[in-house]
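Please open the model in a viewer and keep the sequence panel at hand.

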Amino acid sequence: MNRTMSLIAGTVALAAVTGVAALTAPEAPSAEVARAAAERPVERTKLLCPSPSRSDIAETLYTAFSPVTEGAADGGKAELVPAAPPGGAYDGDEGQDGEDGGNSEESDRSGESEKSGDDGKPKDAAASDKPVMKLKEPGKPVTREASGGEEDALLGTADGRFAPGWAVQQTTTVAVGSGRGLHGAACTVPDTDFWFPGASTAEFRTDYVHLTNPDDSAAVVDIELYGPEGQLETSIPDGITVPPLGSERVLLSTLTDQPLPDVTAHVGVRSGRVAAQVEALDTGNGGDWIAPAAEPAGSLVLPGIPKDATSVRLIAYAPGDSDADLTVRLASPNGAITPAGHESLHVKAGMTASTDLKDVTRGEAGSLLLTPTGRDVPVVAGLQVVRGKGGKQETAFIPATEAVATRATALGNTAKGTTLSLVAPTEDATVKVTSSAGSEGGTGDSRTYKLKKGTTTDVELPVPSGLKGTYALVVEPVSGGPVYASRTMVSSLGGIAAFTVQTLPDDRGRVAVPTAEQDLTVLQN
């Protein structure tokens with residue numbers, strides 16, 4: 001018996017599985033599909049947030065938001081629930097206190113946890129189905145505050161009118177101890193492949209890979225580390241099991257006996273899918289989250305270096321079989337320039353290369369542009385950025401990111417201390433930026449900006465009138481060439497220049513589907 005499933009229904013089902021919907025027409029040439037395609041809002045998506053901190057004195061603000069999207073489905077909801085807590089097999093210590101954030105014991109590297117059952121799920125612990133956050137309406141952010149180091153990772157699902165562009169931000173303040181400062185992370189969709197240039201196994205760094213599984217079956221994950229001499233031998237050859245609807249936290253320094261300041265971590269999923277982010281804690285220079293870098297490419301953009309950065313370090317890795325030679329340029333407010341003494345970077349195949357760009361921005365807005373000097377060889381790259389001097393330094397990370405194709409959103413913005421950086425690397429561009437209503441009151445606004453080729457612009461923000469609470473910023477390219485964006489938040493923390501930077505890739509809130517004129521169906525016998 002033949003059963004016909006419409007492609008629209010297939011889109012919804014696929015969105016539920018991947019978190020980002022996409023379609024491939026059976027037996028149809030891709031060019032024909034592209035010509036017949038129309039974009040429609042996604043109808044279901046997932047976001048996963050890592051456990052924010054283990055410091056007893058951590059203060060975390062969660063913000064959730066969905067922009068108003070024309071043509072979105074009716075009804076729906078957006079909510080987050082706690083994931084099952086980590087089993088503890090890969091932590092490398094017994095916890096982190098608010099005074100020194102120290103690590104006490106090395107983990108059992110076998111991957112077997114006394115807290116885990118036969119199915120890989122922690123005993124006496126399970127994901128909760130009781131939401132801790134819910135959106136009430138598109139266009140207005142909601143917030144939630146949390147204190148201490150017992151917050152679990154969060155599993156989020158949005159559908160209907162809430163799905164297109166749904167975003168969640170967590171911002172954590174840690175006043176003292178290892179990693180003290182401002183830590184910001186945008187919650188991410190699940191995937192199967194992640195790159196983190198700028199991770200570390202050095203003694204002064206405590207870097208954890210946070211893995212969160214959105215599905216009802218266990219996921220198996222491999223973590224590979226690459227240093228300046230190539231791949232490091234690691235201690236979990238059989239992979240890391242992430243329990244269903246649960247999370248694991250892996251201390252990178254327990255995977256190898258080589259303490260290196262700059263490594264590239266590669267997270268690959270053997271089965272299932274996860275979200276992955278790196279929590280990087282420095283004993284003297286604060287810390288922040290490292291978001292996944294853009295996929296390997298020959299040309300990369302790393303947007304939004306703070307103008308008062310005192311140190312900028314570039315870390316790159318070439319995953320293929322060929323060396324990469326990169327031209328390094330800085331997109332300044334007046335155009336692209338070549339930093340003196342840092343005109344290029346050679347990256348050997350399979351190895352991590354790094355270079356200290358020092359105070360490259362010299363008091364002006366800036367973004368780094370990487371292009372191939374000769375042959376186009378794919379690389380991944382990230383920046384480690386430091387503000388402040390002496391004992392009052394703070395660290396953040398800027399990975400290479402994707403362009404904003406249609407729309408991107410930054411959450412948790414405040415009336416003061418927020419900077420939005422827009423970059424037009426190859427052509428002039430026009431961009432519209434819209435602020436939402438405040439989480440506790442206020443009326444949003446919008447402005448349009450013209451960007452010159454090769455420049456970085458820290459724009460004057462359309463702060464909502466009568467703002468109370470935090471607000472969202474929605475970035476939408478209007479015309480011209482590709483646009484890249486990042487948002488920086490700063491906060492005074494006992495005289496420390498605390499800050500965090502989030503890049504703003506496209507929200508993928510729309511998906512290409514065949515038009516009504518193209519009668520495509522999937523037949524099942």
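Begin with strand β5, where both faces are covered: Ala78, Leu80 and Pro82 on one side and Glu79 and Val81 on the other are all buried. Buried here means under 20% relative accessible area, with exposed over 50% and partly exposed in between, using a 1.4 Å probe and protein chains only. Strands (E, at least two residues) are DSSP runs numbered from the N terminus.

Two notes on the model are needed before continuing. This is a predicted model, in which local features need pLDDT of at least 70 and side-chain atom pairs count only at pLDDT 80 or more, while totals for chains, interfaces and linings use all residues. Residues are numbered from 1 along each chain as its sequence is written, and side-chain values use heavy atoms, with hydrogens and water left out.

**Stop 1**

Select residues 78-82. Because five of the five residues of β5 are buried, this strand is largely enclosed by the rest of the structure. Leu80 has Gly156 of β8 as its bridge partner.

**Stop 2: the disulfide**

Select Cys49 and Cys187, which form a disulfide with sulfur atoms 2.0 Å apart. The criterion is a pair of cysteine sulfur atoms within 2.5 Å, and the structure holds one such link. The pair connects distant parts of the chain, 138 residues apart: Cys49 belongs to strand β3 (residues 44-49), and Cys187 to the loop between β10 (181-186) and β11 (193-199). The link is right-handed, with 110 degrees about the S-S bond. Are the two cysteines buried or exposed? Both Cys49 and Cys187 are buried.

**Stop 3: the largest cavity**

Select Pro50, Ser51, Pro86, Asp152, Ala153, His210, Leu211, Thr212, Ser247, Glu248 and Arg249, which line the largest cavity. A cavity is a set of points on a 1 Å grid over the protein atoms alone where a 1.4 Å probe fits but cannot get out, and lining residues have an atom within 4 Å of a point. The largest cavity holds about 60 Å³ of space, the volume being that filled by probe spheres set on grid points joined across faces, edges and corners. Three cavities of 30 Å³ or more are found in the whole structure. Strands β12 (205-212) and β16 (247-251) each supply at least two residues of the lining.

**Stop 4: the aromatic cluster**

Select Trp195, Tyr226 and Tyr317, which ring pairs link into a cluster. Rings of Phe, Tyr and Trp (its six-membered ring) pair if their centres lie within 6.5 Å; planes under 30 degrees apart count as stacked, over 60 as edge-to-face and the rest as tilted. The whole structure has two aromatic pairs. Tyr226 and Tyr317 form a tilted pair, 4.6 Å centre to centre with 35 degrees between the planes. These two tyrosines lie 91 residues apart, Tyr226 in strand β13 (residues 219-227) and Tyr317 in strand β21 (residues 309-317). Tyr226 counts as buried at 9% relative accessibility, as does Tyr317 at 2%.

**Stop 5: β24**

Finish with residues 344-347, strand β24, which has a covered face, Leu345 and Val347, and an uncovered one, Ser344 and His346. Four bridges join β24 to the antiparallel strand β22 (residues 324-332), and Thr327 has Ser344 as its bridge partner.

Notes
1 Å grid on protein atoms, 1.4 Å probe; cavity = no way out; pocket = protein on both sides within 12 Å on 5 of 7 lines; lining within 4 Å. Pairing = 2+ DSSP bridges.
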